[in-house]
Amino acid sequence: MAFGLPACSILGKLHDVKFVVQVRLFPTPAQEAALADTLRLCNEAANVVSRIAWEINTFRNYDLRRHTYSALKEMGLSAQPAQHVIKKVADAYTTVRAQVKAKLREALMRPIGFRCDAAQPFDDRCLSWQIPARTVSLWTTHGRTKGIRFGCSDEQARLLAAYRRGESDLVHRDGLWLLIATCDAPDTDVTDPDAFIGVDLGIANIATTSDGVKHAGKALNAVRHRNRQLRRKLQAKRTKSAKRLLKRRRRAEARFARDINHRISKSIVTEAARTGRGIALEDLSGIRERVRLRKPQRVTLHSWSFHQLGSFIAYKAARAGVALVRVDPAYTSQECSACGHVDKRNRPDQETFVCMSCGFAEHADVNAARNIAMRGVAGWAAVMQPNAA
Ligand SMILES: [Zn+2]
């Protein structure tokens with residue numbers, strides 16, 4: 001299919017697109033002790049804040065600060081870390097609140113707990129990067145700890161220098177010290193597209209495009225299935241080695257999913273750039289309702305993976321100057337992409353779409369992707385309206 005782009009005008013900047021750069025720290029023994037003490041104290045403090053929040057039934061950042069700030073100062077936290085601890089707790093409750101329908105205290109039964117090595121955010125006042133020297137200095141409970149070495153590739157260093165903004169998370173995982181830096185994607189001028197590639201997300205096919213390209217989820221689903229079974233078997237044992245094995249498998253699964261998401265997003269963005277089209281992606285805020293699975297942890301797993309794929313596509317599209325719109329996914333699986341007729345019976349099973357009104361037949365995921373593509377055109381026109389006026 002050829003898409004002519006007669007006069008491709010250049011449009012404004014893309015909206016907020018974020019990505020992360022993860023680097024490994026190589027602390028000396030003394031520095032490592034400072035990092036460990038800091039993480040431990042911050043998480044003890046988080047647990048204090050969480051318990052107070054629970055007792056007074058107050059979960060908002062600003063309100064919590066009033067009730068907990070002085071306690072944290074007494075524990076030895078300085079102003080910035082104390083505020084980050086409070087915000088971390090408030091954010092954790094907000095996340096839970098978004099996931100449950102019931103009242104927080106009924107849904108949770110007890111305050112949210114933080115592991116002693118849970119990630120802690122640091123802002124620029126507590127953490128400074130010396131990228132050419134590959135060192136960082138940060139606030140710790142042992143004072144300002146300077147010259148902690150980190151390792152990263154030249155490409156990562158370039159991204160950090162150019163796009164790092166705001167906070168970084170200090171993480172201790174599997175004996176490794178990591179810093180996960182949040183970056184704002186570069187402002188790229190976006191080409192005005194006159195057509196869109198629609199992307200439908202699912203379980204059997206992770207992503208299906210309106211061109212009919214299916215990115216099968218078979219391999220990933222097989223890995224997930226195997227790990228679930230293993231988990232069931234080993235959870236009964238509760239031995240240390242069983243826990244270690246499970247942890248390793250979980251990491252490997254996440255890496256595998258990440259690789260797949262990188263591959264899929266690259267393929268979709270490359271195709272959009274090549275054909276001068278934009279990308280229409282379903283708005284993922286409703287993904288939990290759309291992916292109807294009985295086991296809640298599976299929903300979490302898949303929605304986490306979908307969000308990652310969405311953010312990879314957003315980042316790569318921003319870099320390539322490809323327009324991206326999020327569309328309302330309601331009824332995309334029941335609507336006929338040929339005549340617009342909406343009917344539950346249009347989709348007799350998982351794979352099949354046959355329109356009750358006009359007889360149009362297509363793979364169900366491809367039909368949904370075509371609907372998303374069409375909504376993309378409308379959505380883009382709406383986005384551009386203010387500029388045109
Ligand atoms: Zn039809």
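This is a predicted model: local features need pLDDT of at least 70, side-chain atom pairs count only at pLDDT 80 or more; totals for chains, interfaces and linings use all residues.
**Notebook: first look around the chain**

I started with how far contacts reach along the protein chain: among those between residues at least 6 apart in sequence, 67% join residues at least 24 apart.

Next I looked up the secondary structure, and the protein chain has ten helices and 16 strands. I also checked burial: 33% of the 389 residues count as buried.

**Entry: Pro81**

I picked Pro81, which lies in helix 3, residues 79-99. Is Pro81 buried or exposed? I found 25 other C-beta atoms within 10 Å of Pro81, so this residue is buried, the cut-off being 20 or more.

Then I asked what Pro81 touches, leaving out residues up to four places away in sequence. I got Cys42, Cys126 and Trp139. I also looked at Phe122, which sits 41 residues from Pro81 along the chain. The C-alpha atoms of the two are separated by 7.2 Å.

**Entry: the cores**

I went looking for the largest nonpolar core and found that it has 40 residues. Which residues have the most contacts inside it? My list reads Val199, Ile268, Ile279, Ala280, Ile313 and Leu324.

**Entry: helix 6 against helix 7**

Last stop was a helix pair. I wrote down an angle of about 165° for the packing of helix 6 (residues 218-235) and helix 7, with their axes 10 Å apart. Why call the pair roughly antiparallel? Because of that angle, helix 6 counts as roughly antiparallel to helix 7, as angles over 145 degrees do. I logged the crossing of helix 6 and helix 7 as left-handed.

I listed who makes the contact. Helix 6 brings Leu220, Val223, Arg224, Asn227, Leu230, Arg231 and Leu234. From helix 7 I have Ala242, Leu245, Leu246, Arg249, Arg250, Glu253, Phe256, Ala257 and Ile260. Sorting the residues of this contact, I get ten nonpolar, one polar and five charged.

Note on methods: Residues are numbered from 1 along each chain as its sequence is written. Helices (H or I, at least four residues) and strands (E, at least two) are DSSP runs, numbered from the N terminus. A residue is buried if 20 or more other C-beta atoms lie within 10 Å of its own, exposed if 12 or fewer, and partly exposed in between; C-beta atoms are placed from the backbone. Two residues are in contact if their C-beta atoms, placed from the backbone, lie within 7 Å. A nonpolar core is a set of buried Ala, Val, Leu, Ile, Met, Phe, Trp, Tyr and Cys residues joined through C-beta atoms within 7 Å. Axes are lines fitted to C-alpha atoms, for helices over the stretch in contact, and angles run from 0 to 180 degrees between N-to-C directions. Angles under 35 degrees count as roughly parallel, over 145 as roughly antiparallel, 65 to 115 as roughly perpendicular and the rest as oblique. A crossing is left-handed if the near helix is turned anticlockwise from the far one by less than a right angle, and right-handed if clockwise. Ala, Val, Leu, Ile, Met, Phe, Trp, Tyr, Cys and Pro count as nonpolar, Asp, Glu, Lys and Arg as charged, and the others, Gly among them, as polar.
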